[in-house]
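Visitor: I'd like to learn how to read a fold from its contacts and strands. Could you walk me through this one?

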Amino acid sequence: MPAAQSVREPLPVVLAGARGHGRSHLLNIHRLERLGLVRLAGVCELRPLDAAELDGLGDPAQSDDFEALLAATGARLAVLSTPIQTHTDMTLAAARHGADILLEKPPAPSYAEFRRMADGVAKTGRACQIGFQSLGSHAVPAVRELIERGTIGEVRGVGAAGAWVRDEAYFRRAPWAGRRRLDGLDVVDGALTNPLAHAVATALALAGTTRAEDVTGIETELFHAHAIESDDTSAVRVSTAAGLPVTVAATLCAEKTGEPYVVVHGSRGRITFWYREDRILLQRAGHGPEEITYGRTDLLENLVAHVTGGTPLLVPPDATGAFMRVVEAVRTAPDPRPLPAAHWRAEPGESTERRVVEGVEALVDASAEQLRLYSELGAPWASAAPAEVR
């Protein structure tokens, strides 16, 4: 007779933050439940989810006390989709209770808090995955392999561009939205550090610059058209130990939302990666253009595979150290400058007014193409020299 097969029980998971973006985690947990990998044991929300919100997910324990919920459920996994300024303390609490963690990006509002979180989790022996879903794309190692094979020649730099639309309601959805600080705590919400953080992290990954020590300097240009503290139109240039410049230009004040992308510039070609679509375009001398779409590994599924079978984590904390250096540069930069009203106009949004910066999409694209900041591209509202962090 064949040897008996061992059957593993689904891992109990607690989700903290199940509304807003957290809804996507709730749906993903439901998907993994159907695969027999996890079981939703608890939901931490200020207001309990109702039956419609839990459709198909049974009757998990619910509480606004995260640590009590972890203790009561014996959770093996914790998924955290909570305000940025809560990330470190909640991650450490989960680790103390013996849970492995999927933590939404950005992992922390400052480099000091990031180190406190990462070092504290490491001491407990628990695993922590940072929720940069784009780094689960199979296109990332594929592009790195093309670079290492010399397919596009010598790499000259990496640029990223993101032009999205957000209206006033987006910045009013939570007390921390659009804030740099709240109640004396760093928040560092902003185009580069939150909604388009994937553009930053993905550009750094393709440049082979993921650890904090890989960064040698950072220049920032931070602006806002909306009446907020943080930036909604920004650019950053990272100098790297490998000698490659990495630029990211981002705006939430576009005429219309476009697909964000990263472009790797080589001496004999280029690779453009639309990271939300897992799609690349390879263009090189002597060949026709090649477009390839890749698969993607879900980060919670990868965490489960790590916990149950030792599969390496795709995005452990130290793989986001360079990104956190960018967050720190944004945090310590002078407060974002308001864009003069002459350079933006009000338009109707989905539910409230939105502000459109004239010509910003072209500037964002030009930054990715030329590896330049707004001031270097002649933007009339960005004439001052960029702030630089060493």
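Visitor: Which residues in the largest nonpolar core touch the most other members?

Guide: The general idea: in soluble globular proteins, nonpolar side chains tend to be buried together. A nonpolar core here is a set of buried Ala, Val, Leu, Ile, Met, Phe, Trp, Tyr and Cys residues joined through side-chain atoms within 4.5 Å. Buried means under 20% relative accessible area, exposed over 50%, and partly exposed in between (1.4 Å probe, protein chains only). In this case the largest core has 100 residues, and Leu-40, Phe-66, Val-264, Ile-271 and Phe-323 touch the most other members. Helix H6 (residues 197–206) gives the largest share of this core, eight residues. Apart from that core lies another, of 22 residues, including Phe-223 and Val-364.

Visitor: Before I go on, what am I looking at?

Guide: It's a predicted model, where local features need pLDDT of at least 70 and side-chain atom pairs count only at pLDDT 80 or more, while totals for chains, interfaces and linings use all residues. Residues are numbered from 1 along each chain as its sequence is written, and side-chain values use heavy atoms, with hydrogens and water left out.

Visitor: What does Phe-323 touch?

Guide: Contact means heavy atoms within 4.5 Å. Leaving out residues up to four places away in sequence, Phe-323 touches, among others, Pro-106, Pro-107, Phe-132 and Leu-192, along with Ala-197, Val-200, Ala-201 and Leu-204.

Visitor: How do I read a sheet, and in what order do the six strands of the open one come?

Guide: Strands of a sheet pair through backbone hydrogen bonds, either parallel or antiparallel. Two strands pair if DSSP finds at least two bridges between them. Helices (H or I, at least four residues) and strands (E, at least two) are DSSP runs, numbered from the N terminus. Here the order is E3-E2-E1-E4-E5-E6, with parallel pairing. Strands E3 (61–63) and E6 (128–130) are the edges, each pairing on one side only. Between E2 (residues 38–44) and E3 there are three bridges, and Gly-42 stands opposite Ala-61 in E3.

Visitor: Which strands does helix H1 lie across?

Guide: For angles, axes are lines fitted to C-alpha atoms, for helices over the stretch in contact, and values run from 0 to 180 degrees between N-to-C directions. Helix H1 (residues 22–34) lies across E1 (11–16), E2, E4 (77–80) and E5 (100–103), running at about 155° to E2. Helix H7 (residues 299–309) also packs on the sheet, and its direction makes about 165° with that of E5.

Visitor: Where would I look for a covered strand: is E13 mostly covered or mostly open?

Guide: Mostly covered: six of the six residues in E13 (residues 261–266) are buried. Tyr-261, Val-263 and His-265 point one way, and Val-262, Val-264 and Gly-266 the other. E7 (residues 155–163) runs antiparallel to E13, joined by six bridges, with Val-155 opposite Gly-266. E13 is also antiparallel to E14 (residues 269–274), through five bridges, and the two form a hairpin with two residues between them.

Visitor: And what is the radius of gyration of the whole chain?

Guide: It's taken over C-alpha atoms, and the globule rule is 2.2 Å times the number of residues to the power 0.38. With 390 residues, a compact globule would be near 21 Å, and the chain has 21 Å, which agrees. Its C-alpha trace spans about 70 × 50 × 35 Å along the principal axes, and 55% of the residues count as buried.
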